[in-house]
Amino acid sequence: MSKFDFKEMPDKDGYFGEYGGQQIPPELIKIMNDIDDAYQEIRNTKKFQDELDYFNKYYVGRPSPIYFAQRLTDKCGGADIYLKREDLNHTGAHKINHCIGEALLAKHMGKTKILAETGAGQHGVALATACALVDIECEIHMGQVDIEKEHPNVTRMKILGAKLVPVTRGTATLKDAVDSAFEEYLKDPVNFFYAIGSVVGPHPFPMMVRDFQSIVGREAKEQFNEICGKNPDYIMACVGGGSNAMGLFTAFLDDEDVNIVGVEPAGKGLDTMDHAATLTKGSPGVIHGKKCYLLQDDNGEPLPVYSIASGLDYPGVGPQHSYLKDLERVEYVSATDQECLEAFMTLSQIEGIIPALESAHAVAHAMKLAKTLGKGKNILVNLSGRGDKDIDFVAEKLKL
Ligand SMILES: *Cc1c(COP(=O)(O)O)cnc(C)c1O
């Protein structure tokens, strides 16, 4: 028997060890349990599986390929580096995988409206896309500051038919957008569905989002074994909330021959305040309905966090990652802004693949690790998204 057995995770109350659960007001517990019941009811039905399979294949464009990055490998001079190309999905990232699942579930439950917040607009665009696809109303709350910064995504959401609610309170950024969207949700949680954008939030969301994303690892395992005749020696992914990472990791958790690495954003350095390396520098706490590692002050309030990649700057992290860290099943490391930018430019210029700044953190660590491993070893990196959204920012930053 394998040393690891993760198949029964989480427990029925949504705990991964001590992490997760439902740290929410009592009146919301029933609502979350109804969502869990509906999910358990449909997840194994043929109709739901067929619908999801159909959209994955003909709409998202799955399976996404695994690509051997020969030139990157040659440049690093060590282990072979392979990329799981989630950047090739419709809408350009892995987020569409769970947004379609959540939209189908909301529709099945007869919900009238899907609500969410968005920071840089990536979750908003993926969700607006899924809502257009399954025909359900979509309302996205976004800070005014972010609206001004992320114009193309704002326009995309509007064209896709979503209602965009600008949030001007507080610092008019992500945290305020969360508060605003949540207030709207509380007006009618029976008929509204709050679509959480990563493996975070109260149970059942960390489990559900993981399950919808786990297609990434199932495909990757089969594809990699077809190409190399064995499992990868290392798999790695960037970790913000942790959905693309859980997507890749889940299929490999029980495989003792696979080393698993999560890469957090070290921002301007782990010894500064400007990072979002939650698992590396945080401690257990409670945020957004779950217990997890948290970057927090002495009163348990979340600290301000920072990353060059806006999809990674979150002070909490998925409860399952918190558990996997304590078990030492997954190793969590970090990459700085500087290393991320170097990886972004390198992959663009020697492979012709412009990665999302988020994904470039995982590429940066793979480049470092490849050098230290001998030839004959291999690394599979989850390339969670494409970098079209980041090109103007990078060009300005590097004065191109
Ligand atoms: C949102 C996003 C992330 C971070 O989210 P996770 O839940 O940690 O995966 C990573 N990569 C891309 C391309 C994203 O859009």
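Modeller: Let me begin with strand S5, which is covered on both faces: Lys 113, Leu 115 and Glu 117 are buried on one side, and Ile 114, Ala 116 and Thr 118 are buried on the other. Here buried means under 20% relative accessible area, exposed means over 50%, and partly exposed lies in between, computed with a 1.4 Å probe on protein chains only. Six of the six residues of S5 are buried, so the strand is largely enclosed by the rest of the structure. Please keep in mind that this is a predicted model, in which local features need pLDDT of at least 70 and side-chain atom pairs count only at pLDDT 80 or more, while totals for chains, interfaces and linings use all residues. Residues are numbered from 1 along each chain as its sequence is written, and side-chain values use heavy atoms, with hydrogens and water left out.

Strands and helices are DSSP runs numbered from the N terminus, a strand (E) having at least two residues and a helix (H or I) at least four. S5 belongs to an open sheet of four strands with parallel pairing, arranged in the order S7-S6-S5-S8; two strands pair if DSSP finds at least two bridges between them. The edges of this sheet are strand S7 (163–167) and strand S8 (192–194), and because each has a single partner strand, one side of each is left without a neighbour in the sheet. On average, neighbouring strands here are turned by 25° against each other, direction ignored.

S5 runs parallel to S6, to which it is joined by six bridges, and S5, which spans residues 113–118, also pairs in the parallel sense with S8 over three bridges. Leu 115 takes part on both sides, with Glu 139 as its bridge partner in S6 and Tyr 194 as its bridge partner in S8. Helix H5 (residues 122–134) lies across S5 and strand S6 (137–143), running at about 165° to S5. Such angles run from 0 to 180 degrees between N-to-C directions, and the axes are lines fitted to C-alpha atoms, for helices over the stretch in contact; contact itself means heavy atoms within 4.5 Å.

Beyond this sheet there is an open sheet of six strands with mixed pairing, in the order S3-S4-S14-S9-S10-S13. Strand S3 (66–68) and strand S13 (330–336) stand at its edges with a single partner strand each, so one side of each has no neighbour in the sheet, and the twist from one strand to the next averages 30°. Strand S10 (residues 259–267) pairs with S13 in the parallel sense over seven bridges, and Pro 265 stands opposite Ala 335 in S13. Helix H10 (residues 215–228) packs on the sheet, touching S3, strand S4 (80–85) and strand S14 (378–383), with a direction that makes about 140° with that of S4. Helix H14 (residues 337–351) also packs on the sheet, touching S3, S4, S10, S13 and S14, and its direction makes about 85° with that of S13.

Within strand S4 we find Ile 81, which is buried with a relative accessible area of 1%. Not counting residues up to four places away in sequence, Ile 81 touches a set of residues including Tyr 67, Leu 72, Cys 76, Met 367 and Val 381. The C-alpha atoms of Ile 81 and Met 367 are separated by 8.2 Å, although these residues are 286 apart along the chain.

Among the helices, the axes of H1 (residues 26–43) and H8 (residues 174–186) come within 13 Å and cross at roughly 85°. H1 and H8 are therefore roughly perpendicular to each other, a label used for angles of 65 to 115 degrees, whereas under 35 counts as roughly parallel, over 145 as roughly antiparallel and the rest as oblique. Their contact is made by Leu 28, Ile 31 and Met 32 of H1 together with Phe 182, Tyr 185 and Leu 186 of H8.

Finally, two charges sit over rings, which requires NZ of Lys or CZ of Arg within 6 Å of the ring centre and within 35 degrees of the ring normal. The charged end of Lys 268 sits over the ring of Tyr 306, 4.8 Å from its centre, while Lys 325 lies over the face of Tyr 293, at 5.6 Å from the ring centre.
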